[in-house]
Amino acid sequence: MNTTLAVILALAVGTYAFRLVGPVLHGRVTVPPRVQELAGAGAVVLLVALLATGALTESGGFAGWARPAGVLVGAALAWRRAPFAVVVLAAAATTALLRLAGVG
């Protein structure tokens, strides 16, 4: 068996197991409210870290100021509950115009 295929198969089984655990253990295990709060906060922290990594880095270095500016514009519009297409187009346009202006 190919190593890549084995890894993909292991990940598929693990993913299915995680999805199966929820319905199987529902009602049998009670999670304290504090753990639920920490899990929610942990999810937010992971998403912010992913956003920061994607917005600020490229090939192991700083991505330049155009990309974080575009992300900031997109985040502001999303916070103001603008339509998704407007958010994406405004963020992309901001980044493109700044790169065109040489901000990079």
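The end C-alpha atoms of residues 41-63 sit 27 Å apart, and this span is 70% helix and 17% strand. The model you are looking at is a predicted one. UniProt, in an unreviewed entry, gives the name "transmembrane region" to residues 41-63 and also to residues 84-102. For residues 84-102, the end C-alpha atoms are 27 Å apart, with 89% helix and 0% strand.

**Salt bridges**

Let's turn to the charged side chains. How many salt bridges does the structure hold? There are two, and the table sets them out.

| Pair | N to O distance |
|---|---|
| R34 and E37 | 3.7 Å |
| E58 and R67 | 2.6 Å |

R34 and E37 belong to helix α2 (residues 33-56), where they are three residues apart, about one turn of the helix. R34 has a relative accessibility of 53%, so this residue counts as exposed, the cut-off being over 50%. In the other pair, E58 has 41% relative accessibility and therefore counts as partly exposed.

**How α3 and α4 pack**

Two packed helices are described by the angle between their axes and the distance between the axes. Here, the axes of helix α3 (residues 66-79) and helix α4 (residues 84-100) come within 8 Å and cross at roughly 155 degrees. Are these helices roughly parallel or roughly antiparallel to each other? Angles over 145 degrees count as roughly antiparallel, so α3 and α4 are roughly antiparallel to each other. Their crossing is right-handed.

Most residues other than glycine have a negative phi, and most peptide bonds are trans. Which loop holds S59? S59 is in the loop between β1 (57-58) and β2 (61-62), and its phi is near 55 degrees, a positive value in a residue other than glycine. With a relative accessible area of 80%, S59 is exposed.

R81 has a positive phi too, near 65 degrees, and is likewise a residue other than glycine. R81 is placed in the loop between α3 and α4, and its relative accessibility of 77% means that it counts as exposed.

How values were computed:
Residues numbered from 1 in each chain as written. Heavy atoms only, no water. UniProt positions renumbered as here; feature names shortened; annotations may be inferred. Helix = DSSP H or I, 4+ residues; strand = E, 2+ residues; numbered from the N terminus. Salt bridge = Lys/Arg side-chain N within 4 Å of Asp/Glu carboxyl O. Buried < 20%, exposed > 50% of the residue type's maximum accessible area, 1.4 Å probe, protein only. Axes fitted to C-alpha atoms, helices over the stretch in contact; angles between N-to-C directions. Parallel < 35°, antiparallel > 145°, perpendicular 65-115°, else oblique. Left-handed = near helix turned anticlockwise from the far one by under 90°.
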